[in-house]
Each structure stands twice: as structure tokens, then as C-alpha cells.
Amino acid sequence: MEGAIKDYNEMFHTNYSTDSDKFQNYYKDVSLRMKNKELDLLIVVNMFLTGFDATTLNTLWVDKNLKMHGLIQAFSRTNRILNSIKTFGNIVCFRNLQKRVDTAISLFGDKNAGGIVLMKGFKDYYYGYEGIDGKQMPGYADMMEELKEKFPLSEPQIVGEQNQKDFISLFGAILRMRNLLSSFDEFVGKELITEYDLRDYLSRYQDLHDEWKRKREQGESTDIIDDIVFEVELIKQIEINIDYILMLVKKYHDTHCEDNEMLITITKAIDASPELRSKKELIENFIAGINDVEDVMKEWHDYVAEKREEELVQIIKEEKLKEPETRKFLENAFRDGEIKTAGTDIDKLMPPVSRFGGRNRAVKKQGVIDKLKLFFEKFFGVGGSFTTEKPKFFNYADAMTQQSVLMVAEDSATHGTKKDAE
């Protein structure tokens with residue numbers, strides 16, 4: 001134990017020991033780091049097998065003769081549902097505990113509880129099975145047959161609100177089943193759909209998500225709209241990242257930019273990804289200018305850095321933000337993977353409150369937040385790191401000189417107008 005704590009202290013620069021008070025703090029620190037996903041693997045003997053909850057905990061490897069309540073509690077560490085992606089936990093067992101598992105489940109549940117507590121086999125989920133209530137549950141193969149029959153890709157779009165709802169419901173069920181089947185090795189090669197066609201269906205699913213989201217925002221909420229659930233987290237699991245898109249762009253470039261079918265493939269791949277849709281304009285503008293490019297990957301990173309700097313300076317200029325604080329805020333956001341709007345961080349970026357504009361401070365702040373979020377969504381994860389250092393290719397001094405002139409003019413005009421109005 002002392003050796004483990006020593007290694008832990010070196011790893012996280014802490015100062016715990018086996019003393020009663022410090023050990024309790026050590027235990028709490030380990031718990032917190034597990035929940036925050038700072039630890040990828042935790043080897044234990046007894047601790048954390050009971051009385052410990054972390055929804056992010058996915059898999060338990062067991063090499064111990066557990067039994068009765070100890071077995072149930074240990075296995076239950078993994079069964080906390082996190083989201084639509086993690087709907088079950090995995091137990092990898094190096095001991096023959098099947099009889100003890102059945103006994104423990106029967107004792108603490110009932111003789112039929114095993115059908116509820118434990119996952120079924122691959123064939124049940126793939127071909128369907130009969131539920132405890134006697135209802136026949138459709139399998140993945142049935143769902144895929146229904147999808148291709150009712151919503152063929154040969155049809156350009158899905159027409160009608162009820163048809164759209166049926167498609168959203170069916171395709172969402174398929175995504176959930178694929179997520180479950182992905183834990184079985186037998187599923188490899190039995191997906192019953194090509195990657196190309198899957199991206200087409202994902203693109204249609206995303207189009208409907210955007211359309212129905214707009215309907216809600218515009219107050220067109222009806223019972224049928226409110227009843228719709230989109231599996232956004234499961235869509236994100238199907239990896240269509242910027243590296244894949246750039247690989248397609250390179251293939252298009254290698255055809256001397258003449259392969260229009262490749263352009264269609266790129267567009268469909270972007271539309272199939274919720275993460276890449278916000279970057280679509282950025283990608284398409286890059287593709288439009290790659291005729292004379294020698295190294296697509298290098299050119300992409302230079303292009304992203306330049307566009308990111310241009311748009312950042314524009315935001316700072318338009319909103320009159322404090323430049324160093326804004327850059328530091330965004331550097332932290334790109335490092336942490338999110339824009340944090342709680343607290344006073346945003347206020348520190350904004351200019352001093354004008355004696356004429358203080359009443360609109362909240363509106364101004366929300367406008368800044370909206371612009372920074374759009375900026376983040378567009379440039380996060382597309383290559384290159386964001387730092388406070390200004391790129392050498394961008395003449396920042398000239399841009400800020402222009403900003404200062406514009407700010408003076410805007411301040412005078414704005415203040416004069418408001419004063420006259422009062």
C-alpha cells in the first residue's frame with residue numbers, strides 16, 4: 001500500500017500517506033480522479049469494489065473468487081448508465097464464476113432476474129428474441145430490412161411528418177442496437193450496410209435533426225415533434241473526423257480536382273457528422289482553392305491557422321474585447337474542449353461598462369458568448385493547437401490600428417445617438 005501511495009504522489013504531485021487522516025483524503029482524491037476520467041486503469045484488492053459510484057466506469061476485470069453480496073456490489077460498479085452510449089457495463093472474468101453469479105442474482109433478485117440483469121447473446125440481439133412479457137423483440141437484421149424497404153436511399157428525401165418520425169424512430173433504434181452489438185466480436189462483417197450507405201442515412205438523420213430543432217425554436221411544437229428523440233451521442237460515436245475528410249480531399253486533389261463523385265462523397269461525409277457540420281463552410285472554401293497546392297495536409301493547417309486568426313481579430317474588433325484576455329480564454333477553451341460561460345471569465349474579456357450602455361450589458365455579454373461559441377465550434381478539432389502567440393503571417397498590428405480608429409468612431413457615434421435619444 002505504501003508503495004502504491006508513493007507512486008500516486010509522484011504521478012499527481014500529492015502528499016498522501018497511510019496515516020488515518022491523509023489516507024481518507026487519498027481515497028477521496030482517487031475517487032474524484034476516477035469520476036473525472038483522470039485515471040484510465042485502477043488496480044484494487046478490496047477498495048472501490050463496493051460503495052463507489054462513477055458513471056464513467058465501463059469495464060471491470062475480475063481475478064478474484066467473489067460471491068454473494070460482494071459479487072453483486074462489485075459487478076454493480078459498472079452498471080451506472082452514463083448516456084445513450086454507455087447503457088451497460090462490461091465484466092471480464094478470469095475465474096469461473098458463472099454458478100456464483102446465478103446464485104447471487106437469484107438470491108438478491110428472483111429466479112428470473114438473470115434475464116434482466118445480464119445481457120443476452122449476440123444472436124438474440126441480431127435476430128430478435130422473446131421478452132419476459134412474451135413480446136417479440138425485433139433484432140438488428142429485422143430493423144435493417146425494414147429501413148431499406150421503407151426508406152430506400154434511391155428516394156431523394158423522406159416526405160411527410162409521420163414518415164419522418166417513423167424514420168427517426170427506426171434509425172435511432174438501429175443506432176442503439178449497433179452500439180450494443182459493437183461489444184460482440186461476431187458483429188464484425190455483419191453490419192448489413194456499407195459505410196457509404198450508412199453515411200447517407202446519417203446525413204438524412206442529421207438533416208431532420210436540424211429541421212425539427214428549428215421547428216421547436218420557432219414555436220412549431222406539436223405532440224409529434226415533442227415526442228421525437230434524436231440519438232445525437234450515438235451519431236458522434238460513428239467516427240467521421242477531419243482526418244478522414246482530409247484523406248478524401250487529398251484523393252480529390254490527386255484527380256486534378258476533376259472527380260465530382262469524390263466531391264459528393266466529401267459533402268455527404270461532412271453532413272453525416274454533427275461535429276463537422278459547423279465546419280462545412282471552412283472545408284468547402286479550402287477545397288475550392290487547392291488546385292495549385294502541393295501538400296494538402298500542410299496547406300490545410302496553414303489555412304486553418306490563418307482563417308482562425310482572421311475571425312478572432314474580427315470578433316475582438318467588433319465586440320471591442322480585451323485582446324490578451326480573449327486569447328487566453330480561448331486557449332483554455334481549446335485545451336479543455338469547451339467554452340465555459342459560468343462565472344466571471346466572460347466579463348473579464350469585455351470592455352468597461354459605458355455610462356450610456358450599462359443597461360444592455362447582459363445582451364452584450366450574450367452576444368459575445370454566442371460569437372465565441374460559434375468560433376469554437378468552427379475551429380475546434382480541425383488541426384493545430386490554439387495558443388496566445390500571434391501567427392507570423394498575420395499583420396496583427398495593422399488590424400488593431402484599424403480597430404482603434406473604428407472604435408473611436410463607433411464610440412462617438414453611438415454615445416451621441418444615445419444621448420440625443422435620451
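Mentor: Let us begin with a salt bridge: the side chains of lysine 268 and aspartate 200 meet in one, the term meaning a side-chain nitrogen of Lys or Arg within 4 Å of a carboxyl oxygen of Asp or Glu. This is a predicted model, in which local features need pLDDT of at least 70 and side-chain atom pairs count only at pLDDT 80 or more, while totals for chains, interfaces and linings use all residues. Residues are numbered from 1 along each chain as its sequence is written, and side-chain values use heavy atoms, with hydrogens and water left out.

Trainee: How many residues apart are lysine 268 and aspartate 200?

Mentor: The salt bridge between them has an N to O distance of 3.3 Å. Helices are DSSP runs of H or I with at least four residues, strands are runs of E with at least two, and both are numbered from the N terminus. Lysine 268 belongs to helix H13 (residues 260-271) and aspartate 200 to helix H9 (residues 195-217), so the pair links distant parts of the chain, with a separation of 68 residues.

Trainee: Is aspartate 200 buried or exposed?

Mentor: Buried means under 20% relative accessible area, exposed over 50%, and partly exposed in between, with a 1.4 Å probe and protein chains only. Lysine 268, at 27%, counts as partly exposed. Aspartate 200 has a relative accessible area of 11%, and is therefore buried.

Trainee: Which helix holds both arginine 327 and glutamate 323?

Mentor: Their side chains form a salt bridge at 2.8 Å, N to O, and both residues are buried. They are four residues apart, about one turn of the helix, and the element that holds them is H17 (residues 323-336).

Trainee: What is the relative accessible area of lysine 340?

Mentor: Lysine 340 meets aspartate 336 in a salt bridge of 3.5 Å, N to O. Aspartate 336 is partly exposed at 35%. Lysine 340 is also partly exposed, and its relative accessible area is 39%.

Trainee: How many salt bridges does the structure hold?

Mentor: Some share partners, and in this way Glu318, Glu319, Lys364 and Lys371 are joined into one network. The number in the structure is 22.

Trainee: Which residue of E2 is the bridge partner of leucine 60?

Mentor: Strands pair if DSSP finds at least two bridges between them. Strand E1 (residues 59-62) and strand E2 (residues 90-93) pair in the parallel sense over four bridges. Leu60 and Val62 form the covered face of E1, Thr59 and Trp61 the uncovered one. In E2, the partner of leucine 60 is isoleucine 91.

Trainee: Which helix has the lowest mean pLDDT among the elements of the chain?

Mentor: pLDDT is the predictor's confidence in each residue, from 0 to 100, and the chain averages 80. Over residues 393-422 pLDDT stays under 50. Where pLDDT is low, the predicted coordinates should not be read in detail. The highest mean, 96, is that of H7 (residues 140-150), and the lowest, 38, is that of helix H20 (residues 396-421).

Definitions and conventions: Contact = heavy atoms within 4.5 Å.
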